[in-house]
Amino acid sequence: MDFLSDTRGDVYKPSIFELIAQEQLRDLLQPAVKYVLGASQQLHPESRVNCLTGIVFTVQVFAQRYPRYLIRIFNKHEEFYAAIMLLVERHYLRKHGASFSENFYGLVRRRRPVVETEKANIAVGRAAEPPKLRERDIQQSLLLLVGIPYLRAKAQDYFESLGGGMSSDLLGELEAARTTALPQTWKQRWQQLFKKYYPILNVLFELWLASYNIAYLFDKSPFYRPWLKWMGLDLRRAPPPQQNLIPPKEYASLWHRIRATLTSSPRLALDSLKVLVPLSIFFIKFLEWWYSPSSPARALSAAPKGPPVPPPRLLSPHPKGIPVDPTRYGICPICQQPIANATVLPTGYAFCYRCIHPEVEAHGKCPVTLHPVELWQLRKIMV
C-alpha cells in the first residue's frame, strides 16, 4: 500500500490526496460566493439571526440599502469572482510561489529541473529552496488558474439556461413541437448542438484529468494536471521556513510608519485568508450546531409550555342552508357522495372540489352556513 502515500522516498513530493484536497477547496469557493450573493437577496430582515455567517449578514444589509448594485454583481457573479481570484492568486503566486489553495495546504510551484537533485540535497541534511517563479510562469499560472474555472462555469450556466439536464416532459411537448415546426436559425442549431454535445465533452474532459491523476498516483508522471506539464511546473511540499535574522526596520517618523502600514495593508489582508478560511469553517459549523433542533439555543428560546390551544369552533349550519348529517363523515353535503379532491372552507366544512368551486363562484358563500366566502379562500386538503 505504498502508493497511497505516493512519496516513493521523496518527502517533498505531495500525495495525490493533498492535490485533490487543495483543488476541491478552490472549486468550493465560487459556489460559496454565489450562495452568499443569492441568499442575501432572498433573506427577510427578520431572519438575520438565522444567518450562518457574518458575511451573509453584511451582504444582506448592503443588499437592502443598495439592491440595484448587488443584483448587478449577482448577475455577473462569474466575472466578479474571477476578478477577486485574479487579485488573490496574483498575490500568492508572487509572494509564496503557489496559488491560494496550494499555499493553504503547504505546497509550492517549482520549475521542474531537467536533472532532479532533490534527493542529493536531502541526503546532506538540507532541502533545496525552490527558485522563485518567473514572470512568464506567473502570467501563465494566472491565466489557467482563473481562466479554466471561469470558462467551465460560463459553459455550465449556458447549458442550464438552454434547459440542459431537464426532461423533455418538463419542457412541454407543445414547446418542442413549436420549435421543430419553425425554421431554425444558425443560433438555434448552435444551441441544440451545444446542449447535445456539452455533457459528452465534459465527461471526456473529466476522464482526461482522471488519467493524469492515475498516472501521478502510480508515479508514471510528475504532473497531476496537463497544463502544469505544458508550463513545465510541478507541485512540491514547501520546505521548512528558514529563520529570519533580518533586524526589524526602523522608521524615521510616525508618518513613515503609518504610510508603510497602509501600503502593506492589502498584502496583510490577502495573507490573512489562510487564517480566516479555517476560522470561518469552524464558525459555520458552530452556528449549524447552535441553531440545530437539539442545541441548547432551542431549549433556551423555546416558548413556555401551557395548555393546548383548542381547535376552532365549527360554525353552525344556517336553517336555509344545505342540511349536514354529522354522523356521515366523509360525505360531501352537495352531491351526497364520498368526498373526492377534498376542499375545505373557512367555515370548517369540506366538500368535493368540483362541487364547491362552481357553488362559491356563483353565490359567493358557504352552502351550509351561508357565510360569505371567496374563491381564493378554498383550501385543498389531503384526506
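## Asp234 and its arginines

The side chains of Asp234 and Arg112 are joined by a polar contact of 3.2 Å. Arg110 takes part as well: its side chain makes a polar contact of 2.6 Å with the side chain of Asp234. Keep in mind that this is a predicted model, and these distances are computed from it.

Is Asp234 buried or exposed? With a relative accessible area of 2%, Asp234 is buried, because the cut-off for that label is under 20%. Asp234 is found in strand E2. Setting aside neighbours within four places in sequence, Asp234 is in contact with Val108, Arg109, Arg110, Arg112, Pro222 and Phe223.

## The protein as a whole

Stepping back, there are 15 helices and five strands in the protein. Of its 383 residues, 30% count as buried.

How much of the contact list comes from residues 24 or more positions apart? Among contacts with a separation of 6 or more, such pairs account for 61%.

In soluble globular proteins, nonpolar side chains tend to end up buried together. Here, the largest nonpolar core has 18 residues, and Leu19, Leu93, Tyr224 and Leu228 touch the most other members. Several elements each supply at least two residues of this core: helix H1 (16–42), helix H7 (135–161), helix H10 (186–217), helix H11 (226–231) and strand E2 (233–237). Strand E2 is also where Asp234 is found. A second, separate core has 12 residues, including Cys332, Leu345, Val360 and Leu378.

Tyr224 is worth a look on screen. Not counting residues up to four places away in sequence, Tyr224 touches Leu19, Gln22, Glu23, Tyr212, Asn213, Tyr216 and Leu235. One of these, Leu19, is listed with Tyr224 among the core residues that touch the most other members.

Three strands form an open sheet in the order E4-E3-E5, with antiparallel pairing. Which strands stand at the edges? Strand E4 (350–352) and strand E5 (379–380) do, and each has a single partner strand, so one side of each is left without a neighbour in the sheet.

Strand E3 (residues 342–344) pairs with E5 in the antiparallel sense over two bridges. If you want to find the pairing by eye, go to Val344, whose bridge partner in E5 is Arg379. Helix H15 (residues 353–363) lies across E3, E4 and E5, and H15 runs at about 100 degrees to E4.

## Two residues with positive phi

Asp219 lies in the loop between H10 and H11. Although Asp219 is not a glycine, its phi is positive, about 60 degrees. Asp219 counts as partly exposed, at 38% relative accessibility.

Asn341 lies in the loop between helix H14 (296–301) and E3. Asn341 is not a glycine either, yet it has a positive phi of about 55 degrees.

Notes. Residues are numbered from 1 along each chain as its sequence is written. This is a predicted model: local features need pLDDT of at least 70, side-chain atom pairs count only at pLDDT 80 or more; totals for chains, interfaces and linings use all residues. Side-chain values use heavy atoms; hydrogens and water are left out. A nonpolar core is a set of buried Ala, Val, Leu, Ile, Met, Phe, Trp, Tyr and Cys residues joined through side-chain atoms within 4.5 Å. Buried means under 20% relative accessible area, exposed over 50%, partly exposed in between (1.4 Å probe, protein chains only). Helices (H or I, at least four residues) and strands (E, at least two) are DSSP runs, numbered from the N terminus. Contact means heavy atoms within 4.5 Å. A polar contact is a pair of N or O atoms within 3.5 Å; within protein, one must be able to donate a hydrogen and the other to accept it, and residues adjacent in sequence count only if both atoms are side-chain atoms. Two strands pair if DSSP finds at least two bridges between them. Axes are lines fitted to C-alpha atoms, for helices over the stretch in contact, and angles run from 0 to 180 degrees between N-to-C directions.
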